[in-house]
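Let's take a walk through this structure together, one piece at a time. Have a look at it first, then read on.

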Amino acid sequence: MAGGTVVGLAAGFTAGYLMAPKPAPTVPTVTTTRPVVPQILRIGYATNPVNLSPFKHGSTSAVLFTDIYETLTFHTPDLKTEPLLSNSWKPVDKLHWAFELKKGIKMACGKYDFDAYMVQDFFTEMCNPTKPGYGWAQYRSIVGAKASDKYNVVIETSRPVSQLPHLTAIYPAGIACMPHMKEYGEDWGIKAAHATGPFMLKDGDWAKGEYVKLTVNENYWQDIPKLKELRYVIIPEDTTRVIAYGRGDIDNLESHSVPPEAVAGLRGDPDTNIHSTVGLRQVAMMLRTDRGPTSDVRVRKAIAHLLDREKIVKSVIGELGTVATNFVPAGLFPFLPMTGIPNYDPAKAKSLLSEAGWKPGAGGILEKDGKPLDLVLVSTYQRDAKDKELAEAIAGELNKGGLNVKVRLETMATYTTFVRDPNNPYDMSISGWTHQTLEWEHSTREIYGKETAKYTKSPYSRSQWENPEFDRLYEEIIAEFDSAKAEKLMIESHKIIAEELPAIPIYDKRELYAIKKYVKGFQVHPDEWGKFRYSKAYIEKG
Amino acid sequence: MGVLSYAIKRLILVIPVLLLISSLVFLFLSATGDITQIVYEVADAKQLEAIRKYYGLDQPLYYQYLNYLGKILRGEFGRSLYSGETVISIVLKAFPATLVLTISAAVVAVMFGFPLGVISAVRSGSILDDVSRVLSLLGVCLPAFFTGLMLILVFSLHLNVLPPFGYGSIQNIILPMITLGLVIAGNISRITRSAMLDVMRQDYIRTARSKGLRERVVVYKHGLKNALIPIVSVLNVQVGHLLGGAVVTETVFSWPGLGRILVQAILVRDVPVALGGVLFFCTAFVVLNLLTDILYTYIDPRVRY
């Protein structure tokens, strides 16, 4: 909104003001009995959720999905894939995976059991090409599922997917209560939503633009949460949200809802715990390899050498990010070597640019064949915190090195279509990617892969990079069911990315929550869409 | 022509206005990005084809538009491309909040702006006039997000007497209505002053004074009544704009009104919601204008339709 800087400063000031140490009460209070504390958690949330159906558009609502829906597999906070609604899994052949399901799990409504027929029904609905939904778009490789008996189901893929159990752990694969979903039709996810998860949306509990109330699932198959209600309170304005938190109108600030300027003030608050972890989202600068000056790998490497990423991340992103150390977020694939994102070295950059034919010209801007080194950096200002400031800081650093970088800022909607079309005139783009599946295809091919006879081009392939060796390795990796062999192939393919540099990773996002100390049992998760953060939480006051 | 036939004629004229506006909104939104790519950002090219077919977006633009118009005539405004909720439901749920904010802000505006303008005109050239004009200018110049945040800092944070956000109670409306009301109050005050100064120079005011009428009667009965038409006109336009979305105030105070929804729909190209919202606002604006025109006949009996 207009006045964003003023508002940001106001949020920072407010956090500092609110969290300043308060004088101790002068009148001692004596309590003989502990008051009963309502187990209602009021969560400050910056965005309006859209719909709580896994088949509808998801990302802005996905945080709430994971309170309601559970998946066959689960990513633990230390990034391992473990069983959740399933007990075990195994590949039947290259195109089929068999899952054995847990028994005795009921849907939150208490009327229906969770079983293989429910899973079959879910995937059939999700993969229905005549009724395309968001999950269907996400799971391009899944064809459907077939129940073998009540507790065994086989998932079929259109091509080998050696890491399918990682894929089935992400939010669009949360198994809904299918009979009720069909009963509600288009109203599912708006009026009601329930599954096997710890909380559920009941009819009438969503006041659009105000709050979403999720009620505890009394039929939950694991320990029933102590919290009776999660109330997501929608407060889009940063300053208002921080003030509401400081006054005690809300009990926590969700990840993505803590303004960067407010973090220092919140850290100083004796009543607040800051929960933070390196997340699965990485923000990078994609470099066009198919056009203009950045089609020369020397120019791409020179650009990387001109960026003091440490300084940029520290000054712009602050505590909400850490400098990226690899082409995937830190800790995602521990076996990958540090392939070396070029470090800050302006002299090396100068030499590389000179080698590529770019010599100082009029006004200090580099030139080649009489043409200045003009570049367009496109970014949205509506996705990650400080997108706009990040793009401007990068352009500033590059311009110091003799480049002429113009920043083009777009709304999320126009950005999405603009960067997707290679005919559009841009050379670099700021692009975030959440590596939420913990597997290779989603983490690299989606960003770097090209279109082949077998595979369609990913909408996120924004560098337009093509490398036959990388594509050959990719096809081997996804068909390799021996994980040790697959890891070796991944390392090889990763080295190619580092050599060719179609992207410069800037920072790994940190998931950061500010929570009142009376809220106990909160679990932080690296996935930006969270996972069971509140299923063990409770409120303890006095 | 009587008031009733005038009203019917005006309402009929609304139809071409709505057609024109809906065409413009439809064209603008369709021309500035592929909706399917925006809504289904993760879909690949083949999937996008299927999605376009599903939503009928593979058809020519004119066909899509005519289809949309046909549905509107049947009372179907469609569903949000994102949430799947019906447009009617979205609009009807949010409109009460917008209406409450608009009416309360208009009350604040009249309560402050009107007396300030009258005092300023009657005491023209005095310190009171200067103070009043400065206050009016402040009201007009200060952006709503600044006023709103300052009010929150003072009344919610420092004094801790009013909530900084929320909807549903009297306490919740106070800060948003003052924020919004002050902006309009500035305008009302300025137009009231100007209109009153103009009227107070008229011969009939001099006549009233020479007849020995008390100044209070001269000002309120003869002066103010004749100055009302321009003031009501300005108030009408201001309230109309508020109905169209006090989006900044709604955002600052987390007020669940229609303005925020409409802006968001336009930003993410949720065409059915954007079109439905715009048509609704236009209709509300036209109805408001009509009511104002009818009000003129009561304020000034010389006005005839």
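In what order do the 4 strands of the open sheet in chain A follow one another? The order is S4-S5-S7-S6, with antiparallel pairing. Before going further, a word on the picture itself: this is a predicted model, where local features need pLDDT of at least 70, side-chain atom pairs count only at pLDDT 80 or more, and totals for chains, interfaces and linings use all residues. Residues are numbered from 1 along each chain as its sequence is written, while chains are lettered from A and ligands numbered from 1 in the order in which they are written.

Back to the sheet. Strands here are DSSP runs of E with at least two residues, helices are runs of H or I with at least four, and both are numbered from the N terminus. Two strands pair if DSSP finds at least two bridges between them. Strand S4 (86-93) and strand S6 (142-149) of chain A sit at the edges with a single partner strand each, so one side of each has no neighbour in the sheet. From one strand to the next, the twist averages 20°. S4(A) is joined by 6 bridges to S5(A), residues 96-101, and the two run antiparallel. Ser86(A), for instance, stands opposite Leu101(A) in S5(A). Helix H3 (residues 116-126) of chain A packs on this sheet, touching S5, S6 and S7 of chain A; "touching" means that C-beta atoms, placed from the backbone, lie within 7 Å.

Now for a pair of helices. H9 (residues 297-306) and H11 (residues 346-355) of chain A pack at an angle of about 160°, with axes 8 Å apart. Axes are lines fitted to C-alpha atoms, for helices over the stretch in contact, and angles run from 0 to 180 degrees between N-to-C directions. H9(A) and H11(A) are therefore roughly antiparallel (over 145 degrees). Among the residues making this contact are Val299(A) and Ala302(A) of H9(A), and Ala349(A) and Leu352(A) of H11(A).

Next, helix H13 (residues 412-420) of chain A. Its buried residues include Tyr415(A) and Val419(A), where buried means 20 or more other C-beta atoms within 10 Å of a residue's own. The buried residues of H13(A) pack against strands S17, S18 and S19 of chain A, together with H2 and H12 of chain B.

That brings us to the other chain: 46 residues of chain B are in contact with 44 residues of chain A. Helices H2 (35-39) and H12 (258-267) of chain B are among the elements giving two or more residues to the side that touches chain A.

Key: Angles under 35 degrees count as roughly parallel, over 145 as roughly antiparallel, 65 to 115 as roughly perpendicular and the rest as oblique. Two residues are in contact if their C-beta atoms, placed from the backbone, lie within 7 Å. A residue is buried if 20 or more other C-beta atoms lie within 10 Å of its own, exposed if 12 or fewer, and partly exposed in between; C-beta atoms are placed from the backbone.
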